[in-house]
Amino acid sequence: MLMWISTWKSITLGKVEFSSNPNEHRIVSLPFSEDFVGRYTISVDLENVTSAYQEFRITPDDEVVAIRVNGENIPLNNIPHSDLRNYGSGFLMSFNNLKPDQTNVFQFDLVNESNPTGFRLETTQRLTTTQLIGIAFSLFSFALFLSRTLKISHAQKLFLLAGLIVSVMYLSKTDSRTRTFDVYEGGGHKDYIEHLIHHKNLPNPGEGWEYHQPPLYYLIAATAKVTGHIPEAASDLWAQLLALYFWVIFLVSGLACLHIAFRKRLVPLLISSLAFCLWPAGIIHSIRIGNDLGLYAFYGLSFFYTLKWWKTRASSDLIWASLWMGASLLTKSNGLAMTSTLGALFFLHMVLIFTDKQHFQAKKTKLIRDFSIMSAIFATALLLNFGDNIYYYLKGTSSDWLLSNVSESINSGLKVNNNLENYLVFDLATYVLHPFISTWDDISGRQYFWNFVWRSSLTSEFYFQGDALKYWGVSNGIFLLCALAGTCIYFLQKQPYTTRREMILGAYKYLPWILTLVLPFLLLLAYRIKVPLSCNTDFRYIYPVLINIIFFACLTWKKPKELPIPAVLTLGLGIIGASSLYWIKLI
């Protein structure tokens with residue numbers, strides 16, 4: 001249904017012609033790319049235009065020198081020259097002379113100085129009120145359907161609805177090229193999807209920026225675009241709606257995990273659900289095109305079933321946890337955190353059974369069967385994830401078995417120091433004074449691992465303009481530190497009153513939560529050390545760990561009267577979530 005909504009009032013592409021002289025006209029397709037040097041014209045017929053006003057994103061390679069619409073010259077003197085040559089993200093241009101319900105002929109004169117040349121034209125149609133309502137209704141209906149299996153409370157459903165409404169509001173203000181990562185660069189997420197659609201095979205990992213990634217998300221996206229009959233000239237709204245589909249799965253599975261933890265404690269359940277559903281970085285990520293959202297969805301499902309299995313030890317829960325673990329690993333290598341967690345828990349489960357011979361004999365068949373199924377899923381996912389990367393690495397056409405040739409083509413401006421101090425130091429003053437983190441500028445603290453992690457956990461790598469949003473960013477940073485400090489104070493204050501047996505039993509009970517808190521950070525740390533780039537410290541790589549951070553912080557509300565200071569400090573997480581209602585009005 002979401003794919004259908006994305007095509008409502010969608011402008012469609014008619015004839016597209018290339019000409020380099022008055023006597024040569026040939027049919028081509030968009031996006032256009034071929035070897036040609038010199039001046040040429042791209043003529044595009046657009047159908048289903050319903051309004052005289054429409055905005056487009058124009059992406060030239062190398063430069064647009066003239067534009068005509070229905071024979072009328074469009075002045076370009078108000079567009080910066082750098083935008084007319086912006087082959088990366090192009091530029092936005094509004095037209096107010098279109099003919100509704102008629103064929104509109106656009107002509108673009110371009111100049112290319114070196115091969116290849118290229119051109120792309122995309123609509124940036126804003127969402128109508130009907131579309132917004134349809135999207136919100138579809139997403140919430142899907143969430144209610146999921147909640148039949150992933151149990152959440154009625155109060156949690158209200159926070160879920162609020163979170164989805166804010167995400168849809170953010171979508172209405174944000175096109176697919178705003179605040180995103182590696183979507184349109186050479187061999188980015190979009191090119192991966194288009195390669196699957198047009199070539200029906202997996203791309204060579206070394207030939208694109210994202211081609212080393214495992215294929216599951218891209219296969220799902222390609223299938224959605226084809227079955228949704230998305231027109232060539234349509235915007236990438238369909239891909240943003242697909243991201244929201246994954247986001248709903250992640251939100252419901254995360255809320256279900258919190259419901260398992262706080263089912264009988266209303267206050268921590270409400271605070272944790274508020275923070276989780278309205279976390280600002282989550283709203284930003286919820287509509288991004290890329291495999292992160294697929295990872296979040298499958299990771300969240302696997303974690304939910306892992307928690308259930310840890311309580312019930314039912315084979316069905318373990319199988320579901322393993323299947324979704326495999327899906328997360330087939331979506332992004334960060335799924336290794338969930339793989340390691342499930343493997344470690346099952347290993348401990350086996351050890352405890354082995355220590356009791358009588359118990360082992362009774363459970364032997366079930367144990368072997370569960371181990372075999374989980375191992376088969378893991379081995380299959382691991383092979384499909386890394387198999388092609390390792391194959392091309394051994395052939396010598398790829399420089400790295402994990403990242404292929406990406407490390408060689410990275411912009412040197414993203415490189416950061418790789419010394420011990422970069423991982424041990426937390427620059428508190430810089431963190432507090434700078435509300436947002438930059439991948440390019442040291443002044444905001446990008447050199448320090450923990451500065452980048454905690455700042456990017458709030459607004460990722462993006463800046464927001466204006467004094468009001470600056471104060472909002474600074475305040476959220478302080479509230480986050482208060483919540484982290486309150487969590488630490490809580491466990492330190494509990495320690496003198498906790499016996500050794502209670503500590504062991506508590507660690508065993510919460511072991512899935514502990515492992516899925518620690519292992520993602522260890523993987524992120526290893527990734528930053530292996531490839532020391534500022535962008536490799538972004539919290540988005542481990543975003544599902546937010547569930548764990550919120551969980552441990554909200555444990556302070558089990559007995560707030562006994563330890564009031566930690567409980568008050570951890571309220572900061574709920575305040576951060578609630579502040580997103582203020583933020584969404586200002587952006």
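Is the crossing of α4 and α22 left-handed or right-handed? In this predicted model, the crossing of these two helices, α4 and α22, is left-handed. The axes of α4 and α22, the latter spanning residues 564-586, come within 10 Å and cross at roughly 20 degrees. Because angles under 35 degrees count as roughly parallel, α4 is classed as roughly parallel to α22. On the α4 side, the contact involves V166, M169, Y170 and K173, which meet L581, W583, I584 and K585 of α22. By class, six residues of this contact between α4 and α22 are nonpolar and two are charged, with no polar residues.

Residues Y299, S302, F303, T306, W309 and W310 of α10 meet A337, M338, L342, L345, F346, L348 and H349 of α12. The contact of α10 with α12 comprises ten nonpolar and three polar residues, and no charged ones.

R177 lies in the loop that runs between α4 (154-173) and α5 (189-199). With a relative accessibility of 12%, R177 counts as buried, since the cut-off for burial is under 20%. The side chain of R177 is joined to that of E122 by a polar contact of 3.0 Å. Leaving aside residues up to four places away in sequence, R177 touches R57, T59, G88, S89, R120, E122 and Y184.

Conventions:
Residues are numbered from 1 along each chain as its sequence is written. This is a predicted model: local features need pLDDT of at least 70, side-chain atom pairs count only at pLDDT 80 or more; totals for chains, interfaces and linings use all residues. Side-chain values use heavy atoms; hydrogens and water are left out. Contact means heavy atoms within 4.5 Å. Helices (H or I, at least four residues) and strands (E, at least two) are DSSP runs, numbered from the N terminus. Ala, Val, Leu, Ile, Met, Phe, Trp, Tyr, Cys and Pro count as nonpolar, Asp, Glu, Lys and Arg as charged, and the others, Gly among them, as polar. Buried means under 20% relative accessible area, exposed over 50%, partly exposed in between (1.4 Å probe, protein chains only). A polar contact is a pair of N or O atoms within 3.5 Å; within protein, one must be able to donate a hydrogen and the other to accept it, and residues adjacent in sequence count only if both atoms are side-chain atoms. Axes are lines fitted to C-alpha atoms, for helices over the stretch in contact, and angles run from 0 to 180 degrees between N-to-C directions. Angles under 35 degrees count as roughly parallel, over 145 as roughly antiparallel, 65 to 115 as roughly perpendicular and the rest as oblique. A crossing is left-handed if the near helix is turned anticlockwise from the far one by less than a right angle, and right-handed if clockwise.
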